[in-house]
Amino acid sequence: MRVESGDSGLLAQPGVLAEIPSHARYLTFRRCASSPGPRDALERLADPHPGLPLVFGLGASLVRELGAEVPGLRDFPAFSGPGFTVPSTPAAIWVWLRSEERGELVHETRRVEKALSGVFALDSVVDAFRYRSGLDLTGYEDGTENPKGDAAAEAAVVSGGGPGLDGSSFAAVQQWVHDLDRFESFSSRTQDHIIGRRKGDNVELKDGPDAAHVQRTEQEAPDPPVFLLRRSMPWADARRAGLVFAAFGRSLDAFEYHLTRMTGAADRIADHLFRFTRPVTGAYYWCPPIRAGRADLSLLG
C-alpha cells in the first residue's frame, strides 16, 4: 500500500505499509572517520533503482551533522529495571531490505554498500524471516492489534507536517535475543500469562496479569490511543535467535509510551517479556518520504 499525504505529492516509502516479506535483512551504517560529507552518498541512496523495495532511515546524529532539523526526531532513550537494561545504540543509517528470495538480499546489500562506500561503513547485518503466518519464535502471533488500511497509514505516516515531512515515518528498532530454553521450561499457562494471550487461539486473557505483555502495550486504552504499526520479524544466527522489533509511527511518542510501560518506569511493573528475552540494540530513525519515485531529502537542506 502506498499512501499519498495531502496535496504535497509525498508518499510513504513502500515497504513501510507493505506486508511482511518472506525474508529480510537489516543493515546499520556508521559514519567513516575523515570521509567526505554525506550528502552525495545520501543522494545515491535516495535515487530510484530496479532493486528490491527497501526502507531506509536516518539517525539523529546524521541529521545534526547536516545542520538540519527533523521535528520529532531524537535519540533513543536508555532504560534499566530489575535485572534488565534497554540499551540505546544509535546508528547513522538504517536499511531494511525485503524480499521473497534470500539470495536477492545479498545482491541488494552489495548495491547499498557501494552507494554509501567511503562515507558510511557497514556496522551490523541481521537476517530475518517470516515464521509461519507471522509468528514470533515463541509460537505466539506478533502484531495482533496492528491497525489496518487507512488506520495503518494514519498511525505510521506523517500528515499535516508540511513539505518534506509529510509522507515520512519515524521508526523505532530493537533487536531482542530470546532465551527459548527458558521460555519452553515454563508451563503453557505461564507462557500465556507472560504474553497475555492463549497460544492456541490467540484470544486475549480476561484474567491476564498487569505485567503481561498485552496489558503493558495496550494501544486503545489510553486517551488518545497510542497506535503504531509493527513490522517485526524473527531473526536467527548460528547460536542465537529472537525478534527484530520494528515499529513505524507518525511520531515517536506512541513507542515511547509503550516502552515506558514495558520497563515499569511509570508504575514499577515491568513487562513479563523480560523473564525470557532482552533487547541488545535500540535506535530511532527518520524515514524520508518519496516524491517522483525517489526519496525526498529536501528537509535536510
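Colleague: Which residues in helix H7 (residues 188–195) are buried?

Modeller: The model is predicted, so local features need pLDDT of at least 70 and side-chain atom pairs pLDDT 80 or more, while totals for chains, interfaces and linings use all residues. Residues are numbered from 1 along each chain, and side-chain values use heavy atoms, without hydrogens and water. Buried means under 20% relative accessible area, exposed over 50%, and partly exposed in between (1.4 Å probe, protein chains only). In H7, Gln 191, Asp 192, His 193, Ile 194 and Ile 195 are buried.

Colleague: Against which helices do the buried residues of H7 pack?

Modeller: They pack against helix H6 (180–185) and helix H8 (213–216), contact meaning heavy atoms within 4.5 Å. Gly 196, with a positive phi near 95°, follows H7.

Colleague: How many disulfides does the structure hold?

Modeller: A disulfide is a covalent bond between the sulfur atoms of two cysteines. Here the criterion is a pair of cysteine sulfur atoms within 2.5 Å, and the structure holds zero. Cys 287 is buried, at 1% relative accessible area, whereas Cys 32 is partly exposed, at 24%.

Colleague: How do the residues lining the largest pocket divide?

Modeller: They divide into twelve nonpolar, seven polar and eight charged. Nonpolar covers Ala, Val, Leu, Ile, Met, Phe, Trp, Tyr, Cys and Pro; charged covers Asp, Glu, Lys and Arg; the others, Gly among them, are polar.

Key: Helices (H or I, at least four residues) and strands (E, at least two) are DSSP runs, numbered from the N terminus.
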